[in-house]
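Take a look at the model below. This report goes through its salt bridges, its sheets and the contact between its chains.

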There are 2 protein chains.
Amino acid sequence: MRISFIGSGNVATHLASELFKVGHSIAQIFSKNFTNADALAKQVNAKAIQSINALDETIDILIIAISDRAIESIAFELTSLSCLVVHTSGSIPIQVLSKLANHGVFYPLQTFSKDYSVNFSLIPLCLEANNAENLSLLENIAKSISPNIYKLDSEQRKQCHLAAVFANNFTNHFYTIAAEILAEKQIPFDILKPLILETAQKIETLDPKEAQTGLARRNDLAVMQKHMSQLKSDKLEKLYSFVSDSIVDFYNKK
Amino acid sequence: MRISFIGSGNVATHLASELFKVGHSIAQIFSKNFTNADALAKQVNAKAIQSINALDETIDILIIAISDRAIESIAFELTSLSCLVVHTSGSIPIQVLSKLANHGVFYPLQTFSKDYSVNFSLIPLCLEANNAENLSLLENIAKSISPNIYKLDSEQRKQCHLAAVFANNFTNHFYTIAAEILAEKQIPFDILKPLILETAQKIETLDPKEAQTGLARRNDLAVMQKHMSQLKSDKLEKLYSFVSDSIVDFYNKK
């Protein structure tokens, strides 16, 4: 298929590269930043364009992979396009594209970092479209890079995105806090990596509710108090207390 | 070596089984709950005993693997023992065993769940002892099950334990919250597993500070506000806001 992109950030880069790798043809790349668009275009044998008006609408699909807040205003400039146009955002409803004849959502539920390659075959792709034909087109593209395909409506996708914040953003922040706590006593962060990996791997087969262990699960107030006194800032103390209370509540109310 | 255990919970069971598997001889198991002690003893070809007074001190090492709060009082009953006695706790200092002639700590930095087997060769073992000879004895035992050996003093171990609470207990609780958020809209938890695994795997090579992505990292207040309104309880809303603020602060202060 012939695919064009609006955007040249992490999602656009990873997704365009993967689609190119599995044999699709990438036609054009538009981005506010032409240098970035051009760099990505070179990687995927596409053409960077300077203006949205130069978009070729004889493609199969245009993928908008830009920041959430910019999607709606870009959509206004695309209303005359006849090809399928999708965005890649978890939190933006399909309705922001409703002025376009053919529209949908192609949301890869994964975290993308620059210079860190991802295995697309493991990434859940959440699809939505304005009609069955467009959904089927999206499915065909999705299947070419991952077997994990979910048809979710905008409400469900928004919910997924919220869950992903807990599962990724918040847990990664806790890895950062853990690393800082270790650094205070000159302990290498490597010591925690096996535990972090095990914590994630365990829930492949165990319900996370069952996998919960530790002080708060046992409501061991004495050691929790000691931990709080070890923490170096009031904010971290409050954070510790807040998350611990949430665990204590969770297992007591059930 | 000949090793005995006090305790028959998750840590005692996993550790005794592993030491038995690699060829050590497990002599005796004592536990408050004789039925549990007997069940474990049968697994590792040891003898369950009904009283601490029946402990055979001609062994190389006695491992106390019981709840933190019970260690000190058990230690009082062991003061006459001449063999090396260690506990397995992250948060309890070595001093609680100081009345014993030979004492130390053997802390496996990992989470142990019943019916979930662990790969000991990946587990960091944190060692401490009252003298070089005992430390060397502990190292020999540790080496027989894992190459990841760390010599940490009680302060450092306490710090590790605190870091582990963030890296395991708190992150696992967030997996649980994410699962509940998905269940509200009938979305299978499987959809999040690749993201969870990727989040953990990424920090094998990337500093977690660098790996942070998402709304709070970008300080995207509008979507964070929407997320909070999606959450079903005041407590979850506060938790969301608290952790997000911590991320926003972290990247703004640096």
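Start with A:Lys185. The structure is a predicted model. The side chain of A:Lys185 meets that of B:Glu155 in a salt bridge, with N to O at 3.2 Å. This pair crosses between chains. B:Glu155 sits in helix H5 of chain B, while A:Lys185 lies in the loop between helix H5 (154-184) and helix H6 (193-202) of chain A. B:Glu155 is partly exposed too, with a relative accessible area of 38%.

## A second crossing pair

Which residue of chain B meets A:Arg69 in a salt bridge? The partner is B:Asp220, at 3.8 Å from N to O. This pair also runs between chains. A:Arg69 belongs to helix H3 (residues 68-76) of chain A. B:Asp220 is found in the loop between helix H8 (215-218) and helix H9 (221-230) of chain B.

Are these two residues buried or exposed? A:Arg69 has 59% relative accessibility, so this residue counts as exposed. B:Asp220 has a relative accessible area of 5%, so this residue is buried. The cut-offs behind these words are over 50% for exposed and under 20% for buried.

## A bridge inside chain A, and a network

Some salt bridges stay within one chain. A:Lys193 forms one with A:Asp190, and their closest N and O atoms are 3.0 Å apart. A:Lys193 is buried, with a relative accessible area of 14%. A:Asp190 counts as partly exposed, at 45% relative accessibility.

Other salt bridges share partners. In this way A:Glu155, A:Lys158 and B:Lys185 are joined into one network. How many salt bridges are there over all chains? The count is 22.

## Where the chains meet

Now look at the contact between the chains. On one side, 91 residues of chain B take part; they are in contact with 92 residues of chain A. The size of an interface is often given as the accessible area lost when the parts come together. Chain B and chain A bury about 9100 Å² between them. Carbon and sulfur atoms hold 65% of that area.

Polar links cross here as well. There are 36 residue pairs in polar contact between chain B and chain A, both residues being at pLDDT 80 or more. Which elements give two or more residues to the side of chain B that touches chain A? They are helix H3 (68-76), H5, helix H6 (193-202), helix H7 (208-211), H9 and helix H10 (234-253) of chain B. The largest share comes from H5(B), with 28 residues. The count of salt bridges between chain B and chain A is 8.

## The sheet of chain B

Next, the strands. Strands of a sheet pair through backbone hydrogen bonds, either parallel or antiparallel. In chain B, 8 strands form an open sheet with mixed pairing. Their order is S3-S2-S1-S4-S5-S6-S7-S8. Why is one side of strand S3 (47-49) and of strand S8 (149-151) of chain B left without a neighbour in the sheet? Both stand at the edges with a single partner strand each, so one side of each has no neighbour there. From one strand to the next, the twist averages 25 degrees.

Strand S6 (residues 103-108) and strand S7 (residues 125-129) of chain B pair in the antiparallel sense, over 5 bridges. In S7(B), B:Ala129 is the bridge partner of B:Gly104. Helix H4 (residues 132-143) of chain B lies across several strands, including S6 and S7, and runs at about 160 degrees to S7(B). Helix H5 (residues 154-184) of chain B packs on the sheet as well, touching S5, S6, S7 and S8 of chain B. The direction of H5(B) makes about 25 degrees with that of S6(B).

## The sheet of chain A

Chain A has an open sheet of 8 strands, in the order S3-S2-S1-S4-S5-S6-S7-S8, and the pairing is mixed. Strand S3 (47-49) and strand S8 (149-151) of chain A are the edge strands, and each pairs on one side only. Neighbouring strands are turned by 25 degrees against each other on average, direction ignored.

Strand S1 (residues 2-6) and strand S2 (residues 25-30) of chain A pair in the parallel sense over 4 bridges. A:Phe5 has A:Ile29 as its bridge partner in S2(A). Helix H2 (residues 34-43) of chain A lies across S2 and S3 of chain A, at about 165 degrees to S3(A).

Technical notes. Residues are numbered from 1 along each chain as its sequence is written. Chains are lettered from A and ligands numbered from 1 in the order in which they are written. This is a predicted model: local features need pLDDT of at least 70, side-chain atom pairs count only at pLDDT 80 or more; totals for chains, interfaces and linings use all residues. Side-chain values use heavy atoms; hydrogens and water are left out. Two strands pair if DSSP finds at least two bridges between them. Axes are lines fitted to C-alpha atoms, for helices over the stretch in contact, and angles run from 0 to 180 degrees between N-to-C directions. Contact means heavy atoms within 4.5 Å. A salt bridge is a side-chain nitrogen of Lys or Arg within 4 Å of a carboxyl oxygen of Asp or Glu. Buried means under 20% relative accessible area, exposed over 50%, partly exposed in between (1.4 Å probe, protein chains only). Buried area is the accessible area (1.4 Å probe) that two parts lose on being put together, summed over both. A polar contact is a pair of N or O atoms within 3.5 Å; within protein, one must be able to donate a hydrogen and the other to accept it, and residues adjacent in sequence count only if both atoms are side-chain atoms.
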